[in-house]
Amino acid sequence: MAAYSLLSTLSSPFSRSPNRTPKLPPLSLTSTSKPSFLFPTRKLSLPSLHSLIFNQSKNSSNNNSSNNYIVSSAFDSFFILCTSLALSFSLFVTDVGAASAFVVTPPRKLQSDELATVRLFQENTPSVVYITNLAVRQDAFTLDVLEVPQGSGSGFVWDTDGHIVTNYHVIRGASDLKVTFADQTTYDAKVVGFDQDKDVAVLRVDAPKDKLRPIPIGVSADLLVGQKVYAIGNPFGLDHTLTTGVISGLRREISSAATGRPIQDVIQTDAAINPGNSGGPLLDSSGNLIGINTAIYSPSGANSGVGFSIPVDTVSGIVDQLVKFGKVTRPILGIKFAPDQSVEQLGVSGVLVLDAPANGPAGKALTFNI
């Protein structure tokens with residue numbers, strides 16, 4: 001009975017239903033042998049043992065991974081905390097302006113000559129002004145007197161006393177003058193003096209000292225053909241325009257726009273000079289003034305690559321006299337002489353004097369000697 005009870009317990013996993021008892025083959029109670037089908041060792045014992053070992057190893061591996069992950073996360077959090085504290089401390093102890101060092105901007109790639117041109121323009125632009133010529137006009141219908149712009153040009157600051165130098169033809173016929181600086185502030189200007197024969201004029205504005213940045217004065221006696229020049233002005237009303245070129249000729253002669261008298265030793269340049277550039281500065285590569293942009297040679301009135309500037313050596317002497325006396329005084333002989341062609345035709349040498357007016361220096365000298 002004990003053996004049969006044992007067999008009944010072992011055979012229960014094979015039952016299809018708890019209410020159905022499987023039929024077993026007849027057994028002999030005296031037999032000590034154990035049928036193999038009653039003890040399925042491969043299906044019950046070994047798989048259960050293997051599964052147990054695998055599950056235990058898997059659980060152990062998962063526990064180790066969890067422990068490693070927790071340690072790694074703690075280390076990363078500690079590292080981030082230390083970095084944040086160090087950065088905060090560095091920003092706290094350093095100047096606020098140094099925070100801009102953390103902003104990285106890609107550098108603009110410019111050549112050395114480009115950088116020099118940009119620097120020249122930035123340093124000299126505050127010295128260049130825009131001049132508006134206003135004229136009085138009477139309305140034909142209302143008879144109201146109006147002040148309207150009749151022209152514009154350029155100029156530049158000569159000194160800290162408010163003197164502005166420009167061309168005479170820029171201010172000719174003006175009833176009122178306005179001078180606009182680079183920061184768009186505008187001031188009324190008064191005429192100090194002018195020289196019509198050389199097309200030079202000096203104005204004066206009552207502007208604060210911090211707005212008056214005199215332009216550096218250079219020398220025009222040692223200029224060479226081929227050296228770079230820069231013109232800053234207001235062509236066609238476009239304020240503070242830079243054009244570049246070279247000196248294409250020296251010792252040219254042009255006629256004054258006001259009187260038609262000749263102006264000698266004029267600088268010729270291919271830097272673009274257009275209407276509105278008149279009175280603006282012509283600079284060398286060091287940013288020094290070497291001339292005043294005055295005229296262009298063009299059948300159409302637009303730039304054709306031939307511009308003319310009055311040399312600064314001529315301008316300096318005129319401006320000094322205009323500032324001191326309000327006019328230009330030049331020594332003259334007071335004689336009229338024959339042209340060189342007439343002298344050559346007569347076969348004589350020297351100067352052939354045709355007349356010496358009595359009210360001139362030569363006439364007075366002759367009268368005094370007699």
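This is a predicted model: local features need pLDDT of at least 70, side-chain atom pairs count only at pLDDT 80 or more; totals for chains, interfaces and linings use all residues.
Me: Before we start, what do the values rest on?
Reply: Local features need pLDDT of at least 70 and side-chain atom pairs count only at pLDDT 80 or more, while totals for chains, interfaces and linings use all residues. Side-chain values use heavy atoms, leaving out hydrogens and water, and residues are numbered from 1 along each chain as its sequence is written.

Me: Why is Thr186 called partly exposed?
Reply: Its relative accessible area is 44%, and partly exposed is what sits between buried (under 20%) and exposed (over 50%), with a 1.4 Å probe and protein chains only. So Thr186 is partly exposed.

Me: What makes Tyr168 buried?
Reply: Tyr168 has 11% relative accessibility, so it counts as buried.

Me: And why is Phe194 put in another class?
Reply: Phe194 comes out at 36%, so it is partly exposed.

Me: How do you know that the rings of Tyr168 and Phe194 make a tilted pair?
Reply: Rings of Phe, Tyr and Trp (its six-membered ring) pair if their centres lie within 6.5 Å; planes under 30 degrees apart are stacked, over 60 edge-to-face, and the rest tilted. Here the centres are 4.8 Å apart and the planes at 35°, so the pair is tilted. The two residues are 26 residues apart, with Tyr168 in helix α4 and Phe194 in strand β5.

Me: What makes Phe181 and Tyr187 edge-to-face?
Reply: Their planes are at 85° and their ring centres 5.7 Å apart, so edge-to-face it is. Both residues are buried.

Note on methods. Helices (H or I, at least four residues) and strands (E, at least two) are DSSP runs, numbered from the N terminus.
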